[in-house]
Amino acid sequence: MVVVGVGARAGVAAADLCVAVDAALSAAGLTVADVTVLATADRRATEPAVQEMALDRGWRLLALRAAELAGQNVPNPSGVVAAAVGTPSVAEAAALRAVGPTGSLILPKQKHAGITVAIARLGPRT
């Protein structure tokens with residue numbers, strides 16, 4: 001199982017989200033078909049662009065509460081994000097939380113046009 005975790009500002013444009021996610025997939029050597037889940041904070045899971053991406057790509061959308069994300073250990077926490085949304089990470093934390101304790105981050109957070117994307121996989125890093 002491969003999970004794309006995303007963090008974004010409210011009102012994110014669908015085109016910008018697609019560009020950011022596709023760039024991250026390319027950097028990780030993955031394709032859209034490799035992904036099964038799009039994970040994000042519950043407040044972003046209601047964004048039309050996020051819902052549209054999950055639906056168009058056939059990915060399950062997983063919405064996680066800030067408290068769940070805050071409890072996830074991540075390699076690149078951000079004080080700015082913590083102050084804004086109540087968790088020091090959205091993209092990395094969402095991806096890692098979705099794959100569970102036996103999963104691993106295969107692409108740390110990448111930033112593009114106000115969107116942060118991270119990718120995790122179930123099982124150890126290969």
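Which side chain meets that of Arg 65 in a salt bridge? The side chain of Glu 68 does, with an N to O distance of 3.6 Å.

## Basis of the model

The model is predicted; local features need pLDDT of at least 70, side-chain atom pairs count only at pLDDT 80 or more, and totals for chains, interfaces and linings use all residues. Residues are numbered from 1 along each chain as its sequence is written, and side-chain values use heavy atoms, with hydrogens and water left out.

## Salt bridges

The structure holds 3 salt bridges, a salt bridge being a side-chain nitrogen of Lys or Arg within 4 Å of a carboxyl oxygen of Asp or Glu. Asp 22 and Arg 57 form one of them, at 2.8 Å from N to O. This pair links distant parts of the chain, 35 residues apart: Asp 22 belongs to helix H1 (residues 14-28) and Arg 57 to helix H3 (residues 48-57). Helices (H or I, at least four residues) and strands (E, at least two) are DSSP runs, numbered from the N terminus.

Another salt bridge joins Arg 44 to Glu 47, where the closest N and O atoms are 3.8 Å apart.

## Accessibility of the paired residues

Buried means under 20% relative accessible area, exposed over 50%, and partly exposed in between (1.4 Å probe, protein chains only). Arg 44 is buried at 12% relative accessibility, and Glu 47 is buried at 12%. Arg 65 is partly exposed, with a relative accessible area of 49%; Glu 68 is partly exposed at 24%.

## Largest pocket

The largest pocket holds about 510 Å³ of space. On a 1 Å grid over the protein atoms alone, a pocket is an open set of points where a 1.4 Å probe fits, with protein on both sides within 12 Å along at least five of seven lines. Grid points are joined across faces, edges and corners, and the volume is the space filled by probe spheres set on the points.

The lining has 22 residues, each with an atom within 4 Å of a point. Gly 7, Ala 8, Val 81, Gly 114 and Thr 116 lie nearest the centre of the pocket. Elements giving two or more residues to this lining include strand E1 (2-8), helix H2 (42-45) and strand E5 (115-122). Helix H5 supplies the largest share, 4 residues.

By type, the lining divides into 10 nonpolar, 6 polar and 6 charged residues. Ala, Val, Leu, Ile, Met, Phe, Trp, Tyr, Cys and Pro count as nonpolar, Asp, Glu, Lys and Arg as charged, and the others, Gly among them, as polar.
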